[in-house]
Amino acid sequence: MKDNTILTRRSFIRTAAASSVALSWLGASRGSRVFAAEASKPALLGGAPVHSGGWVRWPQWREGWEPELLGVWRSGKWFRGSGGHVAEFERGYAKLLGARRCLATASGTTALIVSLHVMDVDAGDEVIVSPYTFIASYNAILTRKALPVFADTDPVTLTVDPGSIESRITERTRAIMPVHIFGLPCEMDPISAIARKHKLAVVEDACQAWLAEYQGRMCGTLGDLGCFSFQESKHIPAGEGGAITGLSEELIDKCESYHSCGHASGTNQGSGFFTRGDNYRMTQAQAVILMQQFDKLVQETEIRRANADYLNAQLGKIPGITPVGLPKNSRAVWHLYPFRYDAAQFNGLSRDGFARAMAAEGVPCGGVYHEQYYDGLLDEAIASRGFKRLWGAERLKAYRDSFQELRGNKQVCETTVAFTQNMLLGDHRSIDDIIEAAGKVQAHSAALVKA
Ligand SMILES: Cc1ncc(COP(=O)(O)O)c(C=O)c1O
């Protein structure tokens, strides 16, 4: 059914055929809505924006969640140990993922720290990690006084290139930390094979990958331990919060002890404070909010997937936009919808210029991670007394120099653009607006370069 209202209101021309080279690659889209990108002036040059009315707000609250949450506050049983909600959440989340066990934590960062501790990543060890990630992945390793050694990023998948891992293994390497960034599953089979061959632990950073799947199994259950974040921007948020999942009772029992001051837990028994610990516990209220969102997460994941598939098909037709490639037999969950942007095919319109033009059309987007290893945190670590003692100047210099080898990552940092996950929850018209805005910017890129 043709959406004449939109076409008229926005003064779109009715046929894509109309003299439009720019449109020949876009064609007709969902519901036969015809994009006529070149007909209207870009908003940045004084035309009408493609999209109005904003986007789905995030995080979302449901009044129906309030009685149970109030019940927790009124009970005075707020801390993990004084009630059963956190343990109930753990059972529910493990079931959702097909994990044997789950341990709730205060955040994704603390989930990573606990997991690295339990996998025996110690001072002076090295962990191979993807550089294209939120900075917490680096920080968790540094907190263990270990060195984050970066494998390269595959520009097709935006995740770690398994072929770049083995050459970075040294006698100090203890673990590999693949990051399922944006909810895009890493190519885990070769990563697991390398880990087995070199007897390394695998700690998955699945902090953006709730319900993502690889070869029929959920991310977070593919390595020794998997870590999740429930921070406010996430698909299942509680303000802050995290979880560790795994298939081994013993490992999760050790995680439980460490995350709670070194108390005995399950198979990890001893007398008094027999093991080291910290306090990274989740509260009862966090657990209640999270449990209330299990069904929502499942339903919204399918919506994001359907819209991302549609965007991949349509945006992929626009010269200069390349959707990400996924490993075979995997399902992403799209925490952010990323794609690669080629300025040369947009008449030299820079990535920032593209983002500005899209924002003017009412469709916000932008670059995501930059080459964070040059930001200073690693220089600070390298210059610290502890790190100098643990590695020596020669190794640390070689380590710093090796950042230049991360050519795939540099390319990904410079050319990736993303829309936020809440935009994928928009109705069909909003998703079509994204495609139309990108087409419009492409069609007018020569003029926009001069703006
Ligand atoms: C890839 C990745 N790792 C780790 C974290 C850390 O999680 P948190 O913010 O819950 O500590 C995040 C959070 O954004 C993340 O995106």
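Analyst: Two strands count as paired if DSSP finds at least two bridges between them. This is a predicted model. Here strand 6 (residues 213-214) and strand 7 run antiparallel and are joined by two bridges. Across that pairing, Y214 stands opposite R217 in strand 7.

User: What is the order of the open sheet of three strands?

Analyst: The order is 7-6-11, with antiparallel pairing. Strand 7 (217-218) and strand 11 (330-331) stand at the edges with a single partner strand each, so one side of each has no neighbour in the sheet.

User: How should I read the two faces of a strand, and which residues of strand 12 lie on each side?

Analyst: In a regular strand, side chains alternate between the two faces of the sheet. In strand 12, Y337, F339 and Y341 are on one side, P338 and R340 are on the other, and all are buried. Because five of the five residues are buried, strand 12 is largely enclosed by the rest of the structure.

User: Which strands pair with strand 12?

Analyst: Strand 10 (residues 321-323) pairs with strand 12 in the antiparallel sense over three bridges, and I321 has Y341 as its bridge partner. Strand 13 also runs antiparallel to strand 12, joined by four bridges; there F339 is partnered by V417.

User: Which residues of helix 15 are buried?

Analyst: In helix 15 (residues 407-415) they are G408, N409, V412, C413 and T415. Their cover includes strand 12 (337-341), helix 11 (351-360) and strand 13 (416-419).

Key:
Residues numbered from 1 in each chain as written. Predicted model: local features only at pLDDT ≥ 70, side-chain atom pairs only at ≥ 80, totals over all residues. Heavy atoms only, no water. Buried < 20%, exposed > 50% of the residue type's maximum accessible area, 1.4 Å probe, protein only. Contact = heavy atoms within 4.5 Å.
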